[in-house]
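I opened this entry to record what I looked up in the file.

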Amino acid sequence: MHRADKADAMDLIKIAKVQAVQLEKGQSTYIGNLHLTPHHLIFDHPDLEIWISYHTIHSVEKGLPTLFNAWPLNIRCYNFVFITLNFQNEKDVTDVYESIQKLTCVSSVEQLYAFFYAPSPPFSTSDGWQIYDPLVEYERMGVGSKNDQWRFSDLNQSFTFSPTYPHLLVVPLKISDAVLSYAAKHRSKARIPALSYLHWNNMKASITRSSQPMVGLKQNRSIQDEKLIEAIFLTNIPQSSPGHPIYGSTATNLIIDARPTANAVANTAVGAGTENMENYRNCKKIYSGIENIHVMRDSLGKLVEALQEIDSKGSVSKVALQKSGWLKHIGAIMDGALMIVKNIHICNSHVLVHCSDGWDRTAQLTSVSQICLDPYYRTLRGFQVLVEKEWCSFGYKFMDRCGHLSNDKNFVALSATNAAANTFANVQSKFYNNKHIRETSPVFQQFLECVFQIMHQNPTRFEFNEYFLTQLHYHVYSCQFGNFLFNCERERRHYMASTKCASIWDFINSDKEVYLNKSYQASADKARGGDGGVLFPDSKSIKYWAKLFGRTDEELNALDDLINSTSALSERMTPEMLGLGANYAESIGSTDVESTLDQRTDYDPLGIGSSPTMSRPVSSYKARAGGAPQSPGLGSETAEDSWQKSADNLAAKLPAAISGAFGGGFVDSFNRLTMNVRDSWYASTTPSSVSSANPYGVENSSQFKEMRSSSAGPQQQRSATLGRSSSNRLRSPVDRELKSISGMPAVGIAHSQSASSSPKHSLSDLTLEHELNQSYPYLDQDPLRSGGGAVGGGGGGGGGGGGGSGMYKLPLNGSSPSSSRSTSNARHPPLNTNSSQELTGKSTPRVSTPDLTTTLPTSSSEGRQIGEVEEPAPEPVKVPVKELPHPLFVE
């Protein structure tokens, strides 16, 4: 560093050293000395030394004093280092805060660290700035030697044609510079389709890149742009003897728009848009669906919040990690690259890639696909060439995307006495210079993460190791080298970076042994019968890059059983994938569960509450296999046991039903969820001991009556609901049932069924029917099922075939009929439509969706005979229930 420049930097430092500073990093705490230099913040401790480059700092917050009179300074870095410095007095923390702010926020590129850094001792290699030569690299691909369909154009030699493009372009041989000049008017920023990669396998299939066409609302077109793309797609079509192309030899040329369809179409409102495929021959267009820079920035922000929860709580929040959507975005890039790889290598066809301006998502797709296609780019030197070509030369905006020249680095100073000032500071940090903040995005980091994923899937196919990638990520933000400071090649030349700044490739290659992969097998790319050196990335086999985030695999990738990190990338979970079989409802109801009474005391089958003694329902198969005595009535269980078992079965199977429900649109998902909940409930309410001879498991009414009276203990007087108000429990059971079904008075109920053998039940119907069957078994003796008349008079004999009223008269003597249930059919036998109409007059309408306000069945009421009828209690005043978010509205 020059002596004058160093003096200027020292003037910005209010305090150079602070002693007895407490540093908190993760769960560890250290007390040491803090040093402020012109370019680094250094914490010195006998067991730990931390160097933080000012330009890697993302945000700094000066907090309020703690209970122990310590003044905290929270620092968050781009390389995912999060520390808190605690000072003993306010003056020290204020001086350090203001010094860091002045040293971090610069207004000129020449104030960055790279223009002052001088390696000592000098690097052993010095060809870092010459490592990429476009002539040499494209000739290596075969341009001008093995393929004569392309040429070099110096139309942009002075960067006047397209300021953000390379000075040397490779275009089709048949297209003149004049045509290129006209075609540039139809492309955003004049970024015309130019050659990026020529496949080594056939020297014909190519990857070209550009920006979006300027179509607009008027659907503008450019003949020159159409001819340029047609010429690109004709470079691998065989020519007949007169020179005419033979069409049909290739049919899979692609124009890949990296954006989501809605984003591409929306750009037509600002004069841009996407290609009208009626004007482009011999190709088709595909949208890759990669989100824009703002979505990616927000996704990383949510991921960082989840990572910080590890420090404060000791474990990562798996739900927060999944909600960030980070792996979904990484998977989308890998899927787009896979599409390109297959079209180039397998179909021997061309691919034109673009997004909006052609420097973010376009660079991701072209570079990741070339990593997979060409083994050269998986070597240490080849990867350096690829980064220089696809990112630095083709104009990725490192300065804007990394925020090198931000005036506002999210510095926030909270006041201990002025709450209004704190509010203003928070608002100012969010909106001041918002335009610059909106330009930042982790685009290059996502490219490195994709390379890491492919390296993880193919550990022997890369010459470099994971440490090499993490070093690149750090130095993108450190501003120590001149490679990643500028927005384009033109700016790099303007500031003479090659003569004033050191190259990161000299830094890497001077100690290259540290960055080599010990498991690398170069012969695998040339082996016969192999993949020919081409890799096919798998977006479903990805994980969080733990080392980049400074964590362990156990913290980030050892997810719980209920959380699948790749659920957003894979297909929805179908019943077959869940192992439930083709018949979904039967599969859900096939497994029987039971719990002991002690377990059920604290077990919450619906997940409403939590209990430390909660136990998982265990299968009753082992109990039966062990020869446990079977009590009369409902198999081996009392009526309360039957309800408890049904609730346990529902709790065990409902998550699978809900998981299988989501996969399409919101309306479709809600419909599937309704059907799955219905099927789960229907299956769970079927006792395991049901047989065709006795579908309800009831041997006679006397046994059922004894069982009901003996099971009415204090522990059974519980009313389980589905998370709604408990006001329904205040009503009498009969009154609830009648009002829920038909609104009729409590003296009888009109009972009708659908004529279908497999009626479509809603959750409320099944709940009420279960409660009726359990609490009032004689009400279920349907004359239509058993062939008998109406119960309790008004309807003919018990063995007759159809007379009588459609009302079930409640017996006044408290006794239940002794006739058994029908054994001719299962739970819902087909009904005689004519008889049903005679009995009821009209059918009771079914509720189409589950009624979550319906109360689930309770045990018998104390102090009242089974057959007695209570007068309806007055309607209690309903207490307002706090509205909860709808369970389907999830991110």
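**Entry 1, the strand.** I am working with a predicted model. I began with strand β12, residues 254–257. Are its faces covered or open? I found both covered. Leu-254 and Ile-256 lie on one side, Ile-255 and Asp-257 on the other, and all of them are buried.

I then asked which strands are joined to β12. One is β13, residues 284–287, which runs parallel to β12 and is joined to it by four bridges. Within that pairing I noted Ile-286 of β13 as the bridge partner of Ile-256. Another is β14, residues 351–354, also parallel to β12 and also joined by four bridges. On this side I noted Leu-254 with Val-351 of β14 as its bridge partner.

Together with helix α6, residues 261–266, they make a β-α-β unit, and its hand is right.

I moved on to α9, residues 326–346, and α15, residues 443–457. Their axes come within 10 Å and cross at roughly 75 degrees. An angle from 65 to 115 degrees counts as roughly perpendicular, so I logged α9 and α15 as roughly perpendicular to each other.

**Entry 5, the contact.** Which residues of α9 meet α15? I listed Trp-326, His-329, Ile-330, Ile-333 and Met-334. From α15, I listed Gln-445, Gln-446, Glu-449, Cys-450, Gln-453, Ile-454 and Gln-457. By class, the residues of this contact are six nonpolar, five polar and one charged.

Key. Residues numbered from 1 in each chain as written. Predicted model: local features only at pLDDT ≥ 70, side-chain atom pairs only at ≥ 80, totals over all residues. Heavy atoms only, no water. Buried < 20%, exposed > 50% of the residue type's maximum accessible area, 1.4 Å probe, protein only. Helix = DSSP H or I, 4+ residues; strand = E, 2+ residues; numbered from the N terminus. Pairing = 2+ DSSP bridges. Right-handed = clockwise from strand over helix to strand, strands pointing away. Axes fitted to C-alpha atoms, helices over the stretch in contact; angles between N-to-C directions. Parallel < 35°, antiparallel > 145°, perpendicular 65-115°, else oblique. Contact = heavy atoms within 4.5 Å. Nonpolar A, V, L, I, M, F, W, Y, C, P; charged D, E, K, R; others polar.
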